[in-house]
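Please keep the sequence and the model in view while reading.

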Amino acid sequence: MADPLSLVNDLLLPVFADIAGQPADPVVRPSDRADAQVNGALPLAKQLGTNPREIAQRVVDSGALANVCSDVEIAGPGFINLTFADSFLGAELGAVAVDDRLGISPDPHPRTVVIDYSAPNVAKEMHAGHLRTTVIGDALVRMLEFGGHTVIRENHIGDWGRPFGMLIEHLLDIGEDVAAEGMQQGDLDGFYKAANAKFTDDEEFQARARDRVVKLQSYDPETIALWERLVEMSTDYFNQVYDKLGVLLTDDDLMGESKYQSVMPVAYERLRAAGLIEESDGAEVVFPPGFTNRDNEPLPLIVKSRTGAFMYATSDLACVLDRVERLQADLLLYVVGAPQAQHFQMVFAVAKMAGWLTDDVDAVHIPFGSVLGDDRKMLRSRTGGAVKLVELLDEAVERAAEAVADKNPDLDDDERAEVARTIGIGAVKYADLSTDRIKDYVFDWDRMLAFEGNTAPYLQYAHARICSIFRRADVERTSVRSTAIDLGEPQERELAKRLLAYPTALADTLATYSPHKLCTYLFDLAQDFTSFYEHCPVMKADEPTRASRLALCDLTARTLEHGLGLLGITAPEAM
RNA sequence: GCGCCCAUAGCUCAGUCGGAUAGAGCAACGGAUUUCUAAUCCGUAGGUCCCAGGUUCGAGUCCUGGUGGGCGUGCCA
C-alpha cells in the first residue's frame, strides 16, 4: 500500500502495542489541520487511566515516524498532528509512478466470486430499471477482477416459465422473420403485449399457449427450437444495449432460469432429505426462524406450490447450490433492488440451514434504490410507460453531442461523435454510480451532463486537459515516469497526497461494494488537479520543476483513467 | 401489527473504525481570462445533521423511544 496513512498506521502499531501491553489501534485519520492526525492516545489513556498527552508524548518520542514526517506535534487533549516530509511523499510517488498497478496490490486472499446482475426478461424491453443493476454490477466486476479475484458473471435472464407458451404461439402466428425484424429494432414490448392481448381475448389461442407450455416443459424438440429462436432474438437485442452501454456482459455470461430447471429438483430433494420441508396450506415450504407475516405467524419460503410447481425461491436456492458446489464459489453477490432484501435474507437463511452456505462462503445481497423522475416517483416516460433504456442512452449521447459541438467546434465529425458517445454514456453511468446505491436518485439530464460538479464530464475534462499538455509539450507520457517529483507548492502536496490515497479509496469501495466511494475519490482528485493546474504552470516552469510537474500530470491522468475504467467509463484524450 | 431502508445548507449529495471548527457541487453574490482546453479557478454567504433521551473525555456517526417518507410482509418473478 502506497498510502502514507496506512504506512503510518503500520509504523505506529508496535509503538501502541508496546505502550498498551497489547495490540491497540493508533487511529490514524486524514486531517484538515495537518497531513494526518493520530487520535489513538485518547482512548488508550482512558483505558490505562493515564494522561493522553503523556501517551502522545511517548508515541512522538519513539521516533517511529522520523523518516516519514517533517513535523510531529501534540495538540489539544492528545491529538498528534503529522506533517509528511516532502522527500517521503516524493519517494512514494516515485514508487507509484513506475508501477503499472498504481500502487495497488492484488488481494492476498483471492476468492471465486459469482456475481448476479442485469437479468432482463426475454421478450421484454430493457428499461430504466435495468440501468442500476447493470451499471453497478459491471463496475464491481471490473474492480474485483483488478483485485485479482476470479469473477464469474451470471446474467440470470428470465427465459423460462408460463408466459413462454403464449410467446412461442405468437411467434408461430406472425412468423420468425417478422418477429426477428421487430426485436432487432428494439420493439420487444410490442411483441409481448400482442401475445398477451391475444391470450386474454382469444380462447383458442389460450388453449394453444397452455399446450405449448406443457410441450416446452417436457422439452419437445420442435418447441425447444422455437424457444431457442425466441431467446436468441432477445439476447441479440440485449447485446446491442450492452454494447451501447459499454458493459462486459456477453452471451458467455447468460445463465437464465432455464439453466436451473434441472437443479431445482436436486435442491428440493436435498431440502427434503435434510428434513427442512414442511407442508403448509397445501404448499411445501421451509420456515427460516425470525421471519413473520402480517398476522405475526411464521413466514415461509415456498419451495413448491400447491399445484406442484417450483417457485422463484426454489430457483434462487438452486442458484446457491449450483454456485457453491459446481462453481466452487466462496463469494456470492446479488446486485438486485432493495425491495428484494427480505427475499434474499430468507433464501440465505435456508441455504445455511441446508448447509450449502458455510462459514467459508459469503452470500451478499447488494441492494440499490430506484431511479426517480422529476416528480420523485419511479422514472416514467411522458406516456406513463417504462422508459426504454436504449432511448435513454441515445438521448444522453445526443445531448452530449450538442454540448461538444458547442464547446469544441474544432473536432471533426467522427471524433465528435466518438467523444459525444463517451461523454453521454459516461454521464449516465456516473450519475448512477456516484451516489450511495441504497438511496433513490432523481434522474436529471442537466445535472449529470454538466461539465462542473461531481459528474463524469468534469473528470473526463481533467483527463483531457492533461493529455493536451503532453501533446503541446511534445513529451511522451511514459518518459516522465522515473522523474524525481518535487513538491514545492501547496497544490502539489495536496495532489500528491490524493494520488497516494488511491489504493485506500479502492479498498474502501470494495469493502462495502459502494462504487460511489471511488467516484468521490476521483472527484476529489480531479478538483485537486484543477487547482494545481490553475496555480502551477507546467510548460512554462523551469527545469527540474517542469519535469516534476509533468510527472505529477502523468500520474494524475493515469489514476483518473484507471479509476474511471474501473467504473466502466472511458476517459477521452481530447474533448 | 412486524421487518428493512431513508431523513445533513435553498437544491443535489459526501461525511472512513466515534475524534478538534460538519464538507463538496449547483443556485446566489464578488473577483480572476494576451490560457497549458475558462467545459476552469479563487473568495463571500448559507446548518436545530428530523425530534427526545441515553452511552462516552468526545456523537451527524453507537443504543433506546418517537415523527415523517419509501418498500416488504405465502403459493408472480
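There are 13 aromatic pairs, where rings of Phe, Tyr and Trp (its six-membered ring) pair if their centres lie within 6.5 Å, and planes under 30 degrees apart count as stacked, over 60 as edge-to-face and the rest as tilted. This is a predicted model, in which local features need pLDDT of at least 70 and side-chain atom pairs count only at pLDDT 80 or more, while totals for chains, interfaces and linings use all residues. Residues are numbered from 1 along each chain as its sequence is written, and side-chain values use heavy atoms, with hydrogens and water left out.

**Aromatic pairs**
- Phe84 and Phe88 form a tilted pair, with 5.9 Å from centre to centre and 55 degrees between the planes, and both Phe84 and Phe88 are buried (under 20% relative accessible area, with a 1.4 Å probe and protein chains only; exposed is over 50%, partly exposed in between).
- The ring centres of Phe344 and Phe348 are 5.8 Å apart and their planes are at 35 degrees, so this pair is tilted too; Phe344 and Phe348 are both buried.
- Trp160, Tyr219 and Trp227 are linked into a cluster by ring pairs.

**Charges over rings**
- Arg101 lies over the face of Phe146, 4.0 Å from the ring centre, the rule being that NZ of Lys or CZ of Arg is within 6 Å of the ring centre and within 35 degrees of the ring normal.
- Lys304 has its charged end over the ring of Tyr268, at 4.2 Å from the centre.

Technical notes:
Chains lettered and ligands numbered in written order.
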